[in-house]
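I opened a new page for this structure and wrote down each thing as I looked it up. The entries follow in the order I made them.

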Amino acid sequence: MNPKLPYVLLVGAAVIIFILSCMLLSRGKRSPSCEPQPSVVEKTGSTSQSLVFADLTAEEMSQVVQYLQGNLGVPLVDASRAKPSDNCIASVDLQVPAKAEVLRFLDAGGARPAREALAVLYFGNQAEPNVTEYVVGPLPTPAYHRDVTVQRYGGKVLFHRRPMLRSEYKQLGVFLDMVAFAAAPTFLKEVLEYDRTNVVFQTTVPHGFQSGDRLTWFVLFQNVSGFFVHPVGLEVLVDHSSLDISQWAVSRVFYNGQYYRDMVQLESAYVQGRISVEKVRKAPWDGDFSSMKPRAPAAALFPVQIEPQGPRYSVRNNHVLFQAWSFAFGMSVSTGLRLFDIRHKGERVAYEISVQEALSVYGSNCPGGMSTRYMDRSFGLGRYTSPLVRGVDCPYLATYVDTHSLSDSLRPRKRKASLCIFEQNLGSPLRRHYSNLQSLYYGGLVNSALVVRSIATVGNYDYVWDFIFYQNGAMEGKVQATGYPSSSFLHGDGLRYGNRLWEHTLGTIHTHFVNYKVDLDVGGVKNSLVAHDMAFEMTRAPWSPEQQIERPRLTKKVLDTEDQAAFRLQLKMPRYIYFAANSKNKWGHQRGYRIQITSFAGDHLPEASSMERAISWARYQLAVTRRKEEEPTSTSIYNQNDPWTPTVTFADFINNETITNEDLVAWITAGFLHIPHSEDIPNTVTVGNSVGFLLRPYNYYDLDPSIYSHDGVFFTSEQDFTACEINPLACLPKTASCLPNFPPFTYDGFRNM
């Protein structure tokens with residue numbers, strides 16, 4: 001070491017200390033900590049009443065499990081280790097009470113509906129294996145159960161329709177390793193350098209081509225970080241339809257463009273030199289090009305959102321208050337984030353807003369890719385809700401909420417910080433005007449909105465689910481897609497089905513469709529659907545009859561039937577379509593809430609397809625139907641594994657019933673086409689991959705309700721706009737100069753995996 005180096009370092013340190021001291025002295029005392037101010041939240045809605053929608057607690061879930069174990073008269077194996085031939089509890093979730101019961105309780109002082117659970121059980125150890133759904137109650141001390149399967153689905157749920165348990169995936173992994181791969185040791189060792197740890201598989205759905213099939217393609221990838229974009233070229237089709245695991249068998253094998261009867265034939269062809277081998281370069285454990293580790297060192301900190309006077313919203317149990325908004329929230333194990341009893345200025349505008357399904361249809365020239373149609377509800381959008389990273393997934397100072405779920409196990413699982421709530425300054429005005437004609441003034445309102453968010457990671461994709469509440473009475477449902485693109489091994493005419501992302505990686509073309517249930521109650525339960533749009537009309541100028549004017553005029557139509565209210569995906573839809581109340585505003589217009597959809601969906605699966613009816617909700621960008629308790633959802637968790645005989649067919653909901661002055665539901669579909677490209681490496685960004693819908697007041701109020709917001713700014717040329725009492729922005733140096741209390745960074749996403 002250079003003997004002068006320590007002295008140089010000491011001198012440098014002294015200079016830095018001197019500079020920092022000068023800076024601190026010049027700024028005076030350290031900024032004080034931010035102190036919460038009295039809340040300006042308007043008291044609308046009831047915290048205790050919202051508990052009628054509250055998710056089951058961990059204790060309630062455990063009580064349901066204990067009750068079922070003691071009252072069904074059959075042995076129940078823990079689903080985490082169940083064989084297909086066992087009986088087990090697949091999931092336990094809240095049974096949402098009937099709407100009529102809830103409204104009697106909320107609005108008419110009626111009795112609180114019984115608190116109940118919905119339990120899904122797999123009965124593999126029966127003469128006729130089946131899936132049965134039980135309603136169990138009352139909670140917290142169950143005393144009864146009733147089989148609601150036939151009531152909900154019109155018949156029994158056949159056993160082959162059951163969603164796969166984690167235990168079945170594990171059993172299939174053992175089968176591949178111990179049975180299937182044992183038949184091709186030379187090929188696996190020399191081509192894939194297989195050592196039982198260096199490959200992973202991704203499954204495809206649906207399982208086969210007809211009802212009763214349970215045949216699954218397993219696509220093999222290198223076992224590295226971001227493995228989804230590291231295909232090795234080998235895919236194996238396994239028939240696991242038998243409840244006896246020993247009867248499972250390989251039905252077909254695919255490698256580098258060629259099909260083989262089984263692994264034995266693949267091994268024989270390789271040993272005889274009759275295979276075109278495309279050896280994939282072994283990737284390091286971090287995935288190399290697929291690694292999400294930053295390629296640049298940390299630099300200046302990104303902007304951080306703070307609340308100088310504390311949160312301006314409140315969260316009590318499952319109830320949220322924000323300015324004029326109030327609502328209850330929950331997390332369904334199958335569909336994820338959902339809202340109930342959404343009110344603005346104390347009046348209910350929607351009874352339920354919930355995600356129904358997330359669908360992806362893939363193309364490829366490899367068997368796994370070309371046969372994939374993911375219906376993520378069957379995997380569980382709530383079940384796979386992931387813990388949120390403070391400061392990235394949501395603002396650092398957001399309110400984080402833990403959720404519980406019970407699936408694939410006898411014990412409930414706690415997901416810490418799996419839902420977040422925060423107010424966000426969107427950095428733009430909600431409305432503004434600068435007047436420089438005649439009177440001189442500025443008036444504006446910051447666009448600050450409340451966001452409720454969860455993120456579901458289902459395999460390779462991460463879905464960011466948002467519900468956003470604006471100060472003008474508008475509400476938005478939005479999903480942003482990120483995560484890794486799914487990929488196939490690049491061979492032959494692969495570029496017909498996507499773009500090359502790396503040496504052997506084909507980013508496969510696919511569609512995304514998301515379906516929402518929006519049960520609007522505008523000015524009451526009974527509504528009608530009205531369409532407004534425009535048309536040009538030709539007229540003579542009254543003051544100059546020889547001249548012609550083309551002027552737009554308003555067109556109006558009441559949509560009387562469900563058939564009229566079902567708008568096909570790619571066809572033109574009225575640009576203003578709204579739920580109309582049986583009351584009018586001050587100006588004589590029917591009060592309404594408008595539905596505005598943001599979507600750039602790809603094409604829907606052709607209706608001639610044998611499985612299209614299972615996803616027939618995706619035919620429509622919007623369909624409005626009468627609300628019925630027997631039509632609670634647009635699809636089912638059982639549609640994924642038997643789309644050829646769907647358990648729920650949305651197209652049957654649309655049967656030309658009258659929808660004038662009825663309780664109505666809007667089923668909204670938004671989506672986008674994704675053709676993966678090189679910028680999807682290492683993974684897909686949210687920018688440009690966001691779709692959803694807006695609910696906007698349309699003559700619902702007499703004027704924009706945001707004029708009553710406390711955030712408004714107005715001053716004239718004659719006023720002292722540097723005075724706090726005139727312009728609250730002038731006080732920011734005082735009111736926003738505090739230092740917020742940042743809690744320590746924690747993360748529980750890697751526990752209890």
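Helices and strands here are DSSP runs numbered from the N terminus, a strand having at least two residues. With that settled, I note that the model is predicted.

**Entry: cis peptide bonds**

I found one between Val205 and Pro206, with omega at about 0°. Pro206 sits in the loop that runs between β6 (199-203) and β7 (215-222). I noted another between Gly137 and Pro138, where omega is about -15°. Pro138 belongs to the loop between β3 (130-137) and β4 (144-147).

**Entry: positive phi**

I turned to backbone angles next, because most residues other than glycine have a negative phi. Asp288 has a positive phi, near 60°, and is not a glycine. I located Asp288 in the loop between α7 (263-271) and β11 (313-316). Its relative accessible area is 32%, so I put Asp288 down as partly exposed. Asn317 also has a positive phi, about 55°, without being a glycine. Asn317 is in the loop between β11 and β12 (319-322). With 56% relative accessibility, Asn317 goes down as exposed.

**Entry: the annotated positions**

Which positions does UniProt give as "active site"? The record, an unreviewed entry, places that feature at Asp376 and Tyr461. I checked how they lie: they span 86 residues in sequence, but no two of their C-alpha atoms are more than 10.2 Å apart, so they gather at one spot. The annotation may be inferred rather than shown by experiment.

Asp376 is in the loop between β16 and β17. Is Asp376 buried or exposed? Asp376 counts as buried, at 5% relative accessibility. Setting aside neighbours within four places in sequence, I listed the contacts of Asp376 as Glu357, Ala358, Leu381, Val458 and Tyr463.

Tyr461 is in strand β20, which covers residues 461-469. Tyr461 is buried as well, with a relative accessible area of 2%.

**Entry: salt bridges**

How many salt bridges does a search of the whole structure find? The search finds 42.

Arg591 pairs with Glu347, and their closest N and O atoms are 3.1 Å apart. Arg591 is in strand β30 (residues 590-598) and Glu347 in strand β15 (residues 347-362), so this pair ties together parts that are 244 residues apart in sequence. Arg591 is buried, at 11% relative accessibility. Glu347 is partly exposed, its relative accessible area being 28%.

Asp408 pairs with Arg383, with closest N and O atoms 2.5 Å apart. I found Asp408 in the loop between β17 (399-407) and β18 (413-435), and Arg383 in the loop between β16 (373-375) and β17, so the pair ties together parts 25 residues apart in sequence. Asp408 is buried at 5% relative accessibility, and Arg383 is buried at 8%.

Arg496 pairs with Asp493, the closest N and O atoms lying 3.8 Å apart. Arg496 is exposed, with a relative accessible area of 65%, whereas Asp493 is partly exposed at 38%. I also noted one network, in which salt bridges with shared partners join Lys99, Asp519, Asp521, Arg627, Glu629 and Asp663.

**Entry: helix α5**

I ended with a helix. Helix α5 takes in residues 166-180, which is 15 residues. From first C-alpha to last, α5 reaches 20 Å, close to the 21 Å expected at 1.5 Å a residue. Which residues of α5 are buried? They are Ser167, Glu168, Gln171, Leu172, Gly173, Phe175, Leu176, Asp177 and Ala180. What covers the buried residues of α5 includes the strands β6, β7, β8 (231-239) and β9 (249-255), together with helix α7. I had already written down β6 and β7 as the strands on either side of the loop that holds Pro206.

Definitions and conventions: Residues are numbered from 1 along each chain as its sequence is written. This is a predicted model: local features need pLDDT of at least 70, side-chain atom pairs count only at pLDDT 80 or more; totals for chains, interfaces and linings use all residues. Side-chain values use heavy atoms; hydrogens and water are left out. A salt bridge is a side-chain nitrogen of Lys or Arg within 4 Å of a carboxyl oxygen of Asp or Glu. Helices (H or I, at least four residues) and strands (E, at least two) are DSSP runs, numbered from the N terminus. Buried means under 20% relative accessible area, exposed over 50%, partly exposed in between (1.4 Å probe, protein chains only). Contact means heavy atoms within 4.5 Å. The expected span of a helix is 1.5 Å times one less than its number of residues.
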